[in-house]
Amino acid sequence: MRRLVAAFARRGRAVRAGARGLAGRGRPVRAVAQPLWCRATAAMPGRNKATSSYSCPELAVGQQAGEGGRDARGRSPHGEEEDRADFGPGPNLGDPAIVKSPSDPKQYRYIKLQNGLCALLISDLNYLDGAPAALSSEEEEEDDDGESEEESDEDDDSGAEIEDGREGFDDEDCDEGDEGEDNDGGNEDFNDPDDSELEELADKEETRKRGCTEKQSAAALCVAAGSFSDPEDLPGLAHFLEHMVFMGSLKYPDENGFDAFLKKHGGSDNASTDCERTVFQFDVQRKYFKEALDRWAQFFIHPLMIRDAIDREVEAVDSEYQLARPSDANRKEMLFGSLARPGHPMKKFFWGNADTLKHEPKMKNIDTYTRLRDFWQRHYSAHYMTLVVQSKETLDTLEKWVTEIFSEIPNNGLPKPSFGHLTQPFDTPEFHKLYRVVPIRKVHSLSITWALPPQEQYYRYSCPLHYISWLVGHEGKGSVLSFLRKKFWALALYGGNGETGFEQNSTYSIFSISVTLTDEGYKHFYEVAHIVFQYVKMLQKRGPDKRIWEEIQKIEANEFHYQEQTDPVDYVESLCENMQLFQKEDFLTGDQLLFEYKPEIIADALNQLSPQRANLVLLSAANEGQCHLKEKWFGTQYSVEDIDKYWSDLWASDFELNQDLHLPEENKYIATDFALKVADCPETEYPVKTLSTQQGCLWYRKDDKFKIPKGYVRFHLISPLIQQSAENIVLFDTFVSILSHNLGEPAYEADVAQLEYKLVAGEHGLVIRVKGFNHKLPLLFQLIIDYLSDFSFTPAVFEMITEQLKKTYFNILIKPETLAKDVRLLILEHGRWSMIDKYQTLMNGLSIESLSSFVKAFKSQLFVEGLVQGNFTSRVSTDFLNYVVQKLQFAPLAHPCPVQFRVVDLPNSHLLCKVKTLNKGDANSEVTVYYQVTALIKLKECEDSHLGEEVDRNWNEVVTQQYLFDRLAREVGGTLKEIQISFLVTFFQVVGYGKHEGDSEVTAAVAEVQNSSSGEIPHLIFLPPSSLMTNVTSIKDIKAYTSTLNVLPYHKILK
């Protein structure tokens, strides 16, 4: 039975300035390291995973941006004039018309099959130095013949999680299941207090090592039809079809056969439904790629979609809907869509649920099965499908496979769905008002939104919304956020278009500015809106600025020129949607580069951003009691009112500009030196310790594989103070949050210049992570250390951050998945402080004096460990540690500080810890099954796709103080191969609210957390096991239970 989760949106975030390339269209969002704050995207209906002209002057000859005989009017690349699109220029040669990065070793070929399907073939056969990496699959088949199925199966086992009690909440944990809620506030403006460095790295490593010995092969297919095509009487049918095509095919009738095949061979798959597109993707070990392609293609050739599977899969769709309901981002999106004109598809219910797909159709005598097949025949046609495949095969081999397998997809000869005639869907009186909304989470946020004519056509001509979002979302001097922060009204601001189907489609484009407000900012939200309008008016009066545009262009061209390779499944998924949007030569560059400066296009978009055309949405729990309307599908409580007359009249007039608001200055962090450094010491395969003192040590390795002018610098400032009390942990969270806040403005220029940084309040110390072009990276690192050394704060900042931290802790507690993790770690980790402990400490109050004393003590005694990798010499690498020591002037620790929790030794029996969710408005439950193992399980090596993956692996060794840098080689070689598993199982369960759980009906979908709004601290309610769970020990008092158990000693795996 597949695990049900809501799929995540396609490149769907309103962006901070400079974030245009951070997420590809159509990609399920995964946790990514971003400067300071990670924000997720709004969820879209989707199937779950089944896993275990600055034109880059140095582009390759014949691949300059703009070459290739492109039609300047931007006609579709799939027109009749390109009927076959040339099946490649020659044997195993790439297509010279497709512009790619000089640092990209892959070869590309574009073909069009006789049935109209357009495909992009990507050969990943060569290493970066151009030497052949491997034989093609056909050439190595003879070698594979001798391998038994049993041997293959053993190799495919990707192991299990190795618990060592060092977990916390990572970015993904805090976002998953609540996708996009950070768009409305929460904790964007300071470090996530539970962002565990160790767990984040462990999750990344486990994902990479899911049973593959080399880079995975991957494929993605985009159908140019989505939820806009849903029939009025069957809401959610497109999403439902996306699920149903996986239920077996004529050639491979086993209902879950494809999922089982992928799982067996180290693969994964996913799918999602957007407004006008539906995307399917998978990856698998290379030697099984051809068979996987054939199995997968049958979903589009002849899916069974048997009647018996309909009811079962409706329940899967309904489960996704139930999981999506507690998301503020989804709720706001549904409310926003309801404001569209009657007859516009944005008013539809895209998710679908049991009512719309099962119960209501039965009442109305609608045959869902017949309608499903009709929908498939009408919309899943080859001539508006785009396919991308990537593997370590020759282009000729890939072309042969694709032609042989995908030519069977039928072409119905009908035009693809078109909605471009439904213009100005939000030009209605209902849109231009103020909406107050009661959110699930504790947050204050103001969203200002405009609906513009479709802007996708301008991707080559100035990319107007990207230019505007760069300025509106800026955080440096003269910006909106800088001004609001000085007034203590805002914590974060995002502006732009997320490029999801919801925000950008053939009928309109959204431009939205979302401000995370403080308590004081909520009281002055009209003034906040006025400051935003003043800034926009300043941009309108000044007009487009060519210096700014060329600066953005240069930053993005540098990043594209020296881009790192990405996970193949993410890459192909992004490209299959790009093929629907861009010309052939722009498949790889259309969402990465700025091409031609057209100030009139930018000015036209700017001039449409008038206050009179804006929609205002104010989210706050303080709105409760004022909101008597309810959105139909998600139950969102809201109210609607006219804009206050004073402000309406002011915004209709020629109001004054704010002299504190101005354009950003020239960016000093843009790299100009991209030379690769000459090594000043012998090359090594693994990091070596180049500096060691009583105060710290430094590990270093110069990159000799990827050969790009980038660097990674990571430091761990270890202190025993942090874990001494719950108060110290909260003081540490507060300290790191204020430090992040203080850095927001001065470090922002580096941020947009592709120098990424992140501060993590780790369990045993402060983690500083910096990466990007090595030329200016030391400047950013020194800036961070300077602000750490000279740390200071005002009472107003202290109050603002602690109030926001309360909201962050609260929002973690109300999510079943994060509450379940907290309960699990509270049992497993000896001496751990729970989230409720931290929340209670914070609610009891902190003093400014206690924070000052803590910071002074923290900085006085430390042990610092660092890792420097990339395009640095050994001499320069030591400068980083020396700067930390010289600037902070700290004493060495009196005693070593272990960086691992001691783990409770669970008894040899089945255990159950079952608690009630703290959110009475959430019907979802979370179950975690935990196995405690007594030895390592063999994990297999997976080829690093970029330098960051190698750094993650090495940093994991440093931050855990184990230093076994050749761990993978030992595991693959069999040194650590022995497996011993205790088959005891521990269940951790967080139970949602609902009638089936014996609860009275919860009429409000608001997060009611045990009266915590009135100051009462939430507490865990332990539940008895169900009658079906016999022979389990139920834990109902964690401290009492664990006090009787043995605690395993600190351990290191040294050999």
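Colleague: Is Phe261 buried or exposed?

Modeller: Buried means under 20% relative accessible area, exposed over 50%, and partly exposed in between, with a 1.4 Å probe and protein chains only. Phe261 has 8% relative accessibility, so the label is buried. Keep in mind this is a predicted model: local features need pLDDT of at least 70, side-chain atom pairs count only at pLDDT 80 or more, while totals for chains, interfaces and linings use all residues. Residues are numbered from 1 along each chain as its sequence is written, and side-chain values use heavy atoms, leaving out hydrogens and water. For Phe261, then, the answer is buried.

Colleague: How many aromatic pairs are there?

Modeller: Rings of Phe, Tyr and Trp (its six-membered ring) pair if their centres lie within 6.5 Å; planes under 30 degrees apart are stacked, over 60 edge-to-face, the rest tilted. By that rule the count is 52 aromatic pairs.

Colleague: What kind of aromatic pair do Phe261 and Tyr288 form?

Modeller: Their centres are 6.4 Å apart, with 90 degrees between the planes. Tyr288 is buried as well, at 13% relative accessibility. The pair is edge-to-face.

Colleague: And what kind of pair do Phe336 and Phe431 make?

Modeller: Both Phe336 and Phe431 are buried. Their ring centres sit 5.5 Å apart with the planes at 80 degrees, so this pair is edge-to-face.

Colleague: Which residue lies over the face of Phe595?

Modeller: A charge sits over a ring if NZ of Lys or CZ of Arg is within 6 Å of the ring centre and within 35 degrees of the ring normal. At 4.1 Å from the ring centre of Phe595, the residue is Arg460.
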